[in-house]
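Q: I have a structure open and would like to go through it. Can you take my questions as they come?

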Amino acid sequence: MRRTTIADFQTMKDEGRRIAMLTVYDYASALIAEQAGVPAILVGDSLGMVMQGRDTTLPVCVEDMIYHARMVRRGSHKALIVVDLPFLSYATEQDAVDAARRVMQEGGGQALKLEGGREIAPVVRRLTEMGVPVMGHLGLTPQSQHQIGLRAQAKQVEAARKLLDDARALEEAGAFGIVLEVIPAELAALVSRALTIPTIGIGAGPGCDGQVQVWHDVLGLFEGKSPRHAHRFAEIGQQMVGALSHYVRQVEEGSFPTQAQSVSMKPEVLAALESKD
């Protein structure tokens, strides 16, 4: 059983094969993703919101990423596992080295994802020189949301030109791929053509080399309107609510459990027990 590698990522781009990536946060989900043939998993710091119920990704720490990466690694044996480095854990090159060591040694991640452009290129270069596969992340970078907001990025000429320059800087620094989040589809396609490494889009149109989506969005686990970049491929959340409601009703009315869910005692053992009472 061979696990997907960053070399496979590059081969897929070179051969024009699209890359499907999915955020996964725990063992059970990783097992399902494995059965579905998902070739690449992102253990995203979005777990702060979808798993911990926080408002942003900012409170997520290295320990959180290690904890979730461990669970995913136990359930996935074929996918490339990329793990986010959380907010300010790579503020300096030494910070990045320390965080990378922990996430890869303790969490079992095979690659790391960092947000930012030219300003983090020295960090990317340092990590890749030390043998750490690094994926970049440009456009809407949630760790910078208090600075840039949660809205589409790089819609004007100067911002679009900067993003393209940032993408080239990350590639030059050794990144094996770049996530492009919520940028114009035309710009994402331009960046994808300009780079030799794969681009993975989320809300960036069909011109990227692959796509990444959040587990809970894909399966429709949360009520309410999904983000514009998401597509609900199923309504598993409604099915879960229905199943649990059914369970509650059967317990309350006494129709569950039945003999089929029970262990029996031999009549003579029961008789002996009752006779002693």
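Q: Where is Y247?
A: Y247 sits in helix α11, which covers residues 236–253. This is a predicted model.

Q: Which residues form a nonpolar patch with Y247?
A: The patch on the surface consists of Y247, V248, V251 and F256. Together they have about 340 Å² of accessible area.

Q: Let me step back. How many helices and strands does the protein chain have?
A: The protein chain has twelve helices and eight strands.

Q: And what does the C-alpha trace span?
A: Along its principal axes the C-alpha trace of the protein chain spans about 85 × 40 × 40 Å.

Q: What share of the residues is buried?
A: Of the 277 residues in the protein chain, 49% are buried.

Q: What about the exposed area?
A: The protein chain exposes about 14,700 Å². Carbon and sulfur atoms supply 55% of that area.

Q: How much of the contact count joins residues at least 24 apart?
A: The share is 60%, taken among contacts in the protein chain between residues at least 6 apart in sequence.

Q: Which residue does UniProt list for "active site"?
A: UniProt lists E181 under that heading, in an unreviewed entry.

Q: Where does E181 sit?
A: E181 belongs to strand β6, residues 177–181.

Q: Buried or exposed?
A: E181 counts as buried because its relative accessible area is 11%, and buried means under 20%.

Q: What does E181 touch?
A: Leaving out residues up to four places away in sequence, E181 touches H137, L138, G139, L140, P142 and I202.

Q: Which of those has a polar contact with the side chain of E181?
A: H137 does: its side chain makes a polar contact with the side chain of E181, at 2.9 Å.

Q: Changing topic: how many salt bridges are there?
A: The count comes to ten salt bridges.

Q: Are D84 and K113 buried or exposed?
A: D84 is buried, at 2% relative accessibility. K113 is buried too, with a relative accessible area of 3%.

Q: What about E158 and R161?
A: Their side chains also meet in a salt bridge, 2.8 Å from N to O. E158 and R161 are three residues apart in helix α8 (residues 157–173), which means that about one helical turn separates them.

Q: How exposed are those two?
A: E158 is exposed, with a relative accessible area of 57%. R161 counts as partly exposed, at 44%.

Q: What about R101?
A: R101 is in helix α5, residues 93–106. Its relative accessible area is 41%, so R101 is partly exposed.

Q: How far is R101 from V132?
A: Their C-alpha atoms are separated by 9.0 Å. Along the chain, R101 and V132 are 31 residues apart.

Q: Last one: where is the place of T4?
A: T4 lies in the segment before α1 (6–14).

Q: Is T4 buried or exposed?
A: T4 counts as buried, because its relative accessibility is 14% and the buried class is under 20%.

Q: What does T4 touch?
A: Leaving out residues up to four places away in sequence, T4 touches F9, P39, K78, A79, L80 and Q110.

Definitions and conventions
Residues numbered from 1 in each chain as written. Predicted model: local features only at pLDDT ≥ 70, side-chain atom pairs only at ≥ 80, totals over all residues. Heavy atoms only, no water. UniProt positions renumbered as here; feature names shortened; annotations may be inferred. Helix = DSSP H or I, 4+ residues; strand = E, 2+ residues; numbered from the N terminus. Buried < 20%, exposed > 50% of the residue type's maximum accessible area, 1.4 Å probe, protein only. Contact = heavy atoms within 4.5 Å. Polar contact = N/O pair within 3.5 Å; in protein donor to acceptor, adjacent residues only side chain to side chain. Patch = residues over 30% accessible without salt bridge, like charges linked within 9 Å, V, L, I, M, F, W, Y side chains within 5 Å. Areas by Shrake-Rupley, 256 points an atom, 1.4 Å probe, with all protein chains shown as cover. Salt bridge = Lys/Arg side-chain N within 4 Å of Asp/Glu carboxyl O.
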